[in-house]
Amino acid sequence: MKFQELIGLAVFDVEEGKEIGKVSDVLISGDWEIQALELEGKGFFSSSAKSVAWEDIVAYGEDAVMIRNQQAVRKTGADDIQYTYHLGKNKLKDLNVLTEDGILLGKVTDVYFDQEMGNTILGLEISDGFVSDLMEGRKWLPLTQDMSIGKNAIMVPPMSEERLEKTIHSVNG
């Protein structure tokens, strides 16, 4: 599954069957783990976001995210958010992916994770630009321990270019 598929999903409370909100973003730690889902409804001048910690999610699928009850929704201070996927100042989407020897592989367009493996991120979907996407398709870079999130780029080891694969629309995840 990809982060882009989570954004916009309805979040339901299993105990009451009530819709709590919609997913607006994914919160990520510096060591590439999903920490929480951010819900829509943050005020323009608010320094906190409504979120659901990953461990409080009972199930999720292509139509909805299920949480045990409304107590799972918490306020998360802006200072407690390391990285986000879609919005905010430290977002992964559109970050350059650079090798340590100075080769630009493209920009992050999506992030893959494995539904069976919990909050484990599998890899990044990378675009080399619109024309390249049309001609060759987007690329998928499997995540490795030596990839790091920087302020202006994701740094990957030399030779990562050889590990790029064409994206498959039904990657196991």
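**Note on salt bridges, a buried aspartate and a sheet**

1. Lys2 is buried, at 17% relative accessible area. Here buried means under 20% relative accessible area, exposed means over 50%, and partly exposed lies in between, with a 1.4 Å probe and protein chains only. The model is predicted: local features need pLDDT of at least 70, side-chain atom pairs count only at pLDDT 80 or more, and totals for chains, interfaces and linings use all residues. Residues are numbered from 1 along each chain as its sequence is written, and side-chain values use heavy atoms, with hydrogens and water left out.

2. Which residue meets the side chain of Lys2 in a salt bridge at 3.3 Å? The partner is Glu125, with the distance taken from N to O. Glu125 sits in strand E11 (residues 121–127) and Lys2 in the segment before helix H1 (3–6), so the bridge ties together parts 123 residues apart in sequence. Helices (H or I, at least four residues) and strands (E, at least two) are DSSP runs, numbered from the N terminus. Glu125 is buried too, at 5% relative accessibility. Arg138 joins Lys2 and Glu125 in a network of salt bridges.

3. How many salt bridges are there in total? The count is 4. The rule asks for a side-chain nitrogen of Lys or Arg within 4 Å of a carboxyl oxygen of Asp or Glu.

4. Arg74 forms a salt bridge with Asp56, and their closest N and O atoms are 3.0 Å apart. This pair links distant parts of the chain, 18 residues apart. Arg74 belongs to strand E7 (residues 73–77), whereas Asp56 is in the loop between strand E4 (48–53) and strand E5 (57–60). Arg74 is partly exposed at 42% relative accessibility. Asp56 is partly exposed as well, with a relative accessible area of 21%.

5. Lys22 and Glu19 meet through their side chains in a salt bridge of 3.2 Å, N to O. Lys22 has a relative accessible area of 31% and is partly exposed. Glu19 is likewise partly exposed, at 38%.

6. Asp13, in strand E1 (residues 10–13), deserves a look. The Asp13 side chain does reach the backbone nitrogen of Glu16, at 3.0 Å. Beyond its neighbours within four places in sequence, Asp13 is in contact (heavy atoms within 4.5 Å) with residues including Ile20, Ile67 and Asn69.

7. Asn69 lies in the loop between strand E6 (64–67) and E7. Asn69 counts as buried, at 17% relative accessibility. Its side chain makes a polar contact with the side chain of Glu15 at 3.2 Å. Such a contact is a pair of N or O atoms within 3.5 Å; within protein, one must be able to donate a hydrogen and the other to accept it, and residues adjacent in sequence count only if both atoms are side-chain atoms.

8. An open sheet of 7 strands runs in the order E13-E14-E9-E10-E11-E12-E15, with mixed pairing. E13 (148–149) and E15 (165–166) are the edge strands with a single partner each, so one side of each has no neighbour in the sheet. Pairing requires at least two DSSP bridges between two strands. E10 (residues 104–113) and E11 pair antiparallel over 6 bridges. Val111 stands opposite Leu124 in E11.
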